[in-house]
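Please look over the sequence and the structure shown below before reading on. The notes that follow are grouped by topic.

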Amino acid sequence: VFLGLGLPWMIAAIAWQVKGADAAWDAKYQTDPELSWLGSPGSRGVGFVVKAGSLAFSVSVFSSCAVLCLGLLAVRRRFCGGELGGAKTSKWLSAIVLMCLWLPSSRGCS
């Protein structure tokens with residue numbers, strides 16, 4: 001779960017810390033009452049903010065991609081003789097499918 005959710009969030013938190021606040025961040029989060037942990041309104045330091053409502057979406061995207069990945073591994077075990085190896089075509093096809101699962105998972109969770 002850390003690689004699917006925690007790693008993109010950690011990268012985003014570091015990027016925001018390096019980048020610093022901008023006008024759009026200030027307009028959206030400086031006066032938000034739910035963010036008292038960032039400091040008093042108007043003088044808050046920048047931070048990567050994920051509202052509680054978006055967590056359910058991130059978990060559902062990650063979970064659906066994980067189920068599809070496990071399904072691919074089950075299909076490879078049944079038809080290719082194992083999760084790894086096999087014909088070159090099946091290896092490339094599996095790699096492309098897994099990359100296509102990774103893209104929405106990483107975009108949906110960040």
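Which residue forms a salt bridge with Arg77? In this predicted model, the partner of Arg77 is Glu83, and the closest N and O atoms of the pair are 2.6 Å apart.

**Salt bridges**
- The count of salt bridges comes to 2, and one of them is the pair of Glu83 and Arg77.
- Within that pair, Arg77 is exposed because its relative accessible area is 55%, whereas Glu83 counts as partly exposed because its relative accessibility is 30%.
- Lys19 and Asp22 also meet in a salt bridge through their side chains, with a distance of 3.4 Å from N to O.
- Lys19 is exposed, since its relative accessible area is 55%, while Asp22, with a relative accessible area of 28%, is partly exposed.

**Nonpolar core**
- The largest nonpolar core is made up of 6 residues, namely Trp25, Tyr29, Leu35, Leu38, Val46 and Val49.
- Leaving aside residues up to four places away in sequence, Leu38 touches Trp25, Arg44, Gly45, Gly47 and Val49; among these, Trp25 and Val49 are also listed in the largest nonpolar core.

**A buried residue in a loop**
- Asp32 lies in the loop that runs between helix 2 (23-29) and helix 3 (52-80).
- Asp32 counts as buried because its relative accessibility is 12%, and buried means under 20%.
- When residues up to four places away in sequence are not counted, Asp32 touches Arg44 and Lys51, and Arg44 is likewise touched by Leu38.

Methods. Residues numbered from 1 in each chain as written. Predicted model: local features only at pLDDT ≥ 70, side-chain atom pairs only at ≥ 80, totals over all residues. Heavy atoms only, no water. Core = buried A, V, L, I, M, F, W, Y, C linked by side-chain atoms within 4.5 Å. Buried < 20%, exposed > 50% of the residue type's maximum accessible area, 1.4 Å probe, protein only. Contact = heavy atoms within 4.5 Å. Helix = DSSP H or I, 4+ residues; strand = E, 2+ residues; numbered from the N terminus. Salt bridge = Lys/Arg side-chain N within 4 Å of Asp/Glu carboxyl O.
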